Number of protein chains: 2
Amino acid sequence: MSQGQKVKTAITPTREENYPEWYQQVIKVSDIAENSPVRGCMVIKPWGYAIWENIQKILDHQFKKTGHENAYFPLFIPLSFFQKEAKHVDGFATECAVVTHHRLEKNEKGELVPASPLEEPLIVRPTSEMIIGEMFSKWVQSYRDLPILLNQWANVVRWEMRTRMFLRTSEFLWQEGHTAHASKEEAFEETIKMLNLYHQFCHEYLAIPVIKGEKSENERFPGADHTFCIEAMMQDRKALQAGTSHFLGQNFSKAAAIKFQSKEGNEEYAWTTSWGVTTRLIGGMIMVHSDDDGLVLPPRIANTHVVIIPIIHSQETQETVFKVCDDLQKKLSEKLYYKLPIMVKVDKRDERGGEKIWHWIKKGVPIRIEIGQKEIQDKKVCLTMRTKGHKEKVFIPMDELDEKVPLLLEEIHQTLYKKATDHLEKHTHFFDDKEKLLNFFKPKNPDHPEIHGGFAKTFWAGDTALEELLKKEYNITIRCIPIDELKKEGICPFTSMKTTKIVIFAKAY
Amino acid sequence: MSQGQKVKTAITPTREENYPEWYQQVIKVSDIAENSPVRGCMVIKPWGYAIWENIQKILDHQFKKTGHENAYFPLFIPLSFFQKEAKHVDGFATECAVVTHHRLEKNEKGELVPASPLEEPLIVRPTSEMIIGEMFSKWVQSYRDLPILLNQWANVVRWEMRTRMFLRTSEFLWQEGHTAHASKEEAFEETIKMLNLYHQFCHEYLAIPVIKGEKSENERFPGADHTFCIEAMMQDRKALQAGTSHFLGQNFSKAAAIKFQSKEGNEEYAWTTSWGVTTRLIGGMIMVHSDDDGLVLPPRIANTHVVIIPIIHSQETQETVFKVCDDLQKKLSEKLYYKLPIMVKVDKRDERGGEKIWHWIKKGVPIRIEIGQKEIQDKKVCLTMRTKGHKEKVFIPMDELDEKVPLLLEEIHQTLYKKATDHLEKHTHFFDDKEKLLNFFKPKNPDHPEIHGGFAKTFWAGDTALEELLKKEYNITIRCIPIDELKKEGICPFTSMKTTKIVIFAKAY
């Protein structure tokens, strides 16, 4: 967050004034989503859904390239299946939406009430391991039937008491990969492969640097042997878990009886994995890149790269200006940026120029181009980049535009990525002293109790109880045990024990 | 259904022997879907889901081209919203899955039971008019906010007592368009535009001729002023409703208070529409085109156009044969059919050639190519089309393949379309006599009580009560009042009254 002179911004409050409220305002002014009258559920509006569609398109292509196929499994999970894996059901029991009736009827007072109770209650899927495992058990007989590599794009429901748009909603959209393998090694390899795919996607498309790591036992997916994750740092220095990949061992295959005859003729349990990312990625994208003027869209995920704003001073010139804008749209749309066509909008709405400019700033479009009678005469357009001040204009000859725009989009991507990477590095510190580490998380400014240090790396030999204590007392958790950290030995400042395990502590969403 | 000498078929029973059971078997042997252990819900397997993905891709493109945007609305609808439109709630009350609790807990016996009752029960959406209407009412103030043209790809739940895969399942996938307009005319135009889009899609991509028409009051969507539909004829001559487009008038905008200030400054209610197609289209596609050897995929919707089967007689030749197959796959994949890349699979599984051939016949792949040592020497491949007998082979020079394959795919599309059109025409009759019409629906063969005439056209001046009587006594319903019928006057054989209304009666899925 930049310090400095107070300038007029499109969003009140600014990030510095009130980060959580700023986040809500970015969503509002960019018109990407809205709270619904259904408790804890949101409406994803077209400008936001287009981002999800692009995330889907890119990931879906990558899943298929790595041998996965899509399928679709039921929304409902019978209670009896759900309880087959003990840890799994314990992990989700407090947040299950339960269907108990399959009809409505009028009571004596004429009010509509649930009728026809189900013999067995159905859980609205919070995740699909149990129902997919049940099907896998029918499909797998021999090692020849393995591996099974499936993915599902779906909605899931986890009843949340405190919700926040995109980050934590009762219903959300996601993809869930589910695979079954004949060997432990192959399943483990798959788990890491998908973790790497998510890691690469965040860097390459969302311009978000994320840290790959393993979760501590406390934060593990209920029923998994190992949970791996990617963690990102938001502008308020809090962590956001952006995706997970689980090595489920044989826990779910034992629960659902996914058995096969091995090459050697023995009956064995399959090894399974699951992995997912959700619409939460959109929340992360907002909190990493957006500013006090609204949304900032990373160009490789943007559904609109360029908006052309015709500047009309009189009715007579309108037709000419519109025509030049349309021609330019057509020309630019034929060019590619990052292997996909450049998406261009012309804003012909009957509004003042200034209104339109602010409209598109708030919506985060990477490049704005203004064209009026003067620009047509000079054969130059006035171009502004979302990542620069809105008064920082450049004038570009019209016939160079289709060459320049892809380069400028790339410059914006690199700018966003560098800024986010610098932020992450600047606010990640290594601690070998317990007090200094805890002090790192204390507010420096009484007016802003939420502002703290960031990510604290440290050697760690503590146990689950100590982790829980730190969570309770300081609201910090182990985000992950980073994978890419060089192995070395040191002293855990909490237990004074020698260890090679390094962890990252942070406050988290 | 072809009469004639008994030949060995991949599917038992054949269409003639037992059509409903044949349908289940096609689904099974082609591996496109499977019943799940969740009552009334199915699992769509990769080979089936790929068909749905193609349907989505094509329709989504067409919706966007006609100005619609995608959005996402909550899965749950609070009971109080749901009842705002009286006819709507009456129409859906008997088939609603109701969420009443949001937690599970253990009772004294240690059994997991629903806990934490919701203050207000939630309906799992059977359709989204009420929740989307609620949001529209917030978004619309002035005529400038109209039209709103949205679409949603989603899952919906309608609790069905008797289910059949793809045709009638408790949960199904669909798209639902929802639009709001400032004038009646514009909303009506939208309703017909989307009906035409569905009609065109079925003909152009699924190779299914469908009849456009309006539903009678009896069959109308609960809460609509007019329901339009497309109806297709299956091979057993029964009708399948393949898509609907509803003109909702101001019923839902009054229920949800979608009001706006008109250009003239008056407060008016918006005019709304909704329209949808579902995974049922896949059921229709199967029942129109498939045969006694399994699935037949129309090429424009197929996810695999060509399968190449290497014929290996000895280990030594395997490498050479595989290489030729791979090269051919690469070459063919670069060609387009119907504006999209040709999708080619090479089946390298360790199975006998005959097994492989039948495998792909049952899965409905339009073109099979066999390549062995001999074919490589002769520089010719052996090619078979799914729409011809499996022994009807042609030999095509390898270097002509990339030119020939698109033409053959087109030939298959045309063959399927013509066959389905001939079938529809052959079994559609016009009746001006009541007894003859009713006789048309009586079984001719006591062994096959389900075989009947087909579609019966007639002048109709009957009322709802008469319609219900015919449904009860003869199991026939008015499928639609065809739109494209030439207007003329005649006598309704049921009431002896003069009318210009022509309807189609049929037995239906």
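In this predicted model, strand 24 of chain B and strand 27 (residues 502–506) of chain B run antiparallel and are joined by three bridges. Strands here are DSSP runs of E with at least two residues, numbered from the N terminus, helices being runs of H or I with at least four; two strands pair if DSSP finds at least two bridges between them. Within this pairing, I478(B) has F505(B) in strand 27 of chain B as its bridge partner.

Strand 24 of chain B, spanning residues 477–482, is mostly covered, with six of its six residues buried. Buried denotes under 20% relative accessible area, exposed over 50%, and partly exposed in between, using a 1.4 Å probe and protein chains only.

An open sheet of six strands draws on both chains, with antiparallel pairing in the order 4(A)-6(A)-5(A)-5(B)-6(B)-4(B). Strand 4 (76–78) of chain A and strand 4 (76–78) of chain B stand at the edges, each with a single partner strand, and therefore one side of each lacks a neighbour in the sheet. From one strand to the next, the twist averages 45 degrees; axes are lines fitted to C-alpha atoms (for helices, over the stretch in contact), and angles run from 0 to 180 degrees between N-to-C directions. Strand 5 (residues 98–106) of chain B and strand 6 (residues 112–124) of chain B are antiparallel and joined by seven bridges. R103(B) has A115(B) in strand 6 of chain B as its bridge partner.

Residues are numbered from 1 along each chain as its sequence is written, while chains are lettered from A and ligands numbered from 1 in the order in which they are written. For this predicted model, local features need pLDDT of at least 70 and side-chain atom pairs count only at pLDDT 80 or more, whereas totals for chains, interfaces and linings use all residues; side-chain values use heavy atoms, leaving out hydrogens and water.
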